[in-house]
Amino acid sequence: MSTVLETQEHQALRAAVAALGKRYGRDYMTGVVAGEGHPDELWADAAKLGYLGVNLPEEYGGGGGGIAELSIVLEELGAAGCPLLMMVVSPAICGTVIARFGTDEQKQAWLPGLADGTRTMAFGITEPDAGSNSHRITTTARKDEASGDWLLTGRKVFISGVDIADATLIVGRTEDARTGNLKPCLFIVPRETPGFQRRQIEMELQAPEKQFELTLDDVRLPADALVGDEDAGLLQLFAGLNPERIMTAAFSLGMARYALNRAVGYAKERSVWKSPIGAHQAIAHPLAQSHIDIELARLMMQKAARLYDEGDDMGAGEAANMAKLAAADACVKTVDQSVHTLGGNGLTKEFGLASLIVASRVARIAPVSREMILNYVSHQTLGLPKSY
């Protein structure tokens, strides 16, 4: 992989994280899924080396970097076969939102723990009936005027890692006193808060992080559970969603690189006639195309991360969506081609590619479908009219 466009610091970070990933690898993650290991080991080592909080402010124990650095961490762990999905959620989404919009008390309470890995936070936005339409979110918060507390009621679905997270950053809606319209707001809900219930969703996808449906039944929260300014609304929300898209791209690129490396190694060694199968263009060209697709998607991801870290939220929104779509498509195609290259061996546990067939499709669906990204680009970038 070419790194000439990266700074020396980024290249050094990439090499160091790759070394950590090599110590764990795909076998470790497979064992974790099977109940033979625990992801806390890798999480703790990544935290100890400063990788988990690389994007968080230095004054709260972070590395003082940005999403550019955090995306490198996730991509390299993925390329080693041991990606950490909670990195997308805890330091990237929740840590970023709190760092940008949280009160001093919230920053002090959460950022040091998110940076050193001792605390984690899940993110709850998706609802059963809202789908991709965030304007249909029905989880609502009303203020108890007598106490100043918030009462949160609603449902969430496909929320990752709630059982292991210390709290969940819940996206709800409050009534605007001036207009009467509902506006988005974010609340920190500790895991064991009364009325905050979870039910695990059984998934075909095998991953260390489990998926949950959440029910909030008049969950009473103190006034300071509201993150930042009640009027920040969509700005606050997209401060978390753009990093989510960028990190999803990094997750996909890491997975694609892992699959491609396995396929290339196999194609160099496997001989059926007089030469390795990689000498045949029917094998070599699709793998070369996968490499090109990965490199192109990374360039867009790097652009999105740079725009976001420079404070260009609008520019980052467009680039982050494009990066997520490009990386997800590259991942699906690369995994498919890699399995095909290995033939029957591609479906064995020994080579560790078959499980990626399901996993690779996640980024095409979440956190936003490729169709909604195409809608975004056609409307926001090209100025075409909406069909909805």
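Predicted model: local features only at pLDDT ≥ 70, side-chain atom pairs only at ≥ 80, totals over all residues.
A residue is called buried here when its relative accessible area is under 20%, exposed when it is over 50%, and partly exposed in between (1.4 Å probe, protein chains only). Cys94, at 0% relative accessibility, counts as buried.

Residues are numbered from 1 along each chain as its sequence is written, and side-chain values use heavy atoms, with hydrogens and water left out.

**Cysteines**

If you are wondering about disulfides (a pair of cysteine sulfur atoms within 2.5 Å), the structure holds 0 of them. Cys82 is in no disulfide, and its nearest cysteine sulfur, that of Cys331, is 15 Å away. Cys82 is also buried, with a relative accessible area of 0%. For Cys94, the closest cysteine sulfur belongs to Cys185 and is 16 Å away, too far for a bond.

**Aromatic rings**

Rings of Phe, Tyr and Trp (its six-membered ring) pair if their centres lie within 6.5 Å; planes under 30 degrees apart count as stacked, over 60 as edge-to-face and the rest as tilted. By this rule there are 3 aromatic pairs, including the two in this table.

| Pair | Centre to centre | Angle between planes | Type |
|---|---|---|---|
| Tyr24 and Tyr28 | 4.7 Å | 70° | edge-to-face |
| Tyr266 and Phe351 | 5.6 Å | 85° | edge-to-face |

Helices (H or I, at least four residues) and strands (E, at least two) are DSSP runs, numbered from the N terminus. Tyr24 and Tyr28 both sit in helix H1 (residues 8-33), 4 residues apart, or about one turn of the helix, and both are buried. Tyr266 belongs to helix H6 (residues 234-269), while Phe351 is in the loop between helix H8 (313-342) and helix H9 (354-359), so their pair ties together parts that are 85 residues apart in sequence. Tyr266 is buried at 11% relative accessible area, and Phe351 is buried at 16%.

A charge sits over a ring if NZ of Lys or CZ of Arg is within 6 Å of the ring centre and within 35 degrees of the ring normal. Arg119 lies over the face of Trp110 in this way, at 3.8 Å from the ring centre.

**Strand S1**

In a regular strand the side chains alternate between the two faces of the sheet. In strand S1 (residues 121-124), Met121 and Phe123 point one way and Ala122 and Gly124 the other way, and all are buried. S1 pairs with strand S4 (residues 167-175) in the parallel sense over 4 bridges, where pairing needs at least two bridges found by DSSP. Ala122 stands opposite Thr168 in S4.
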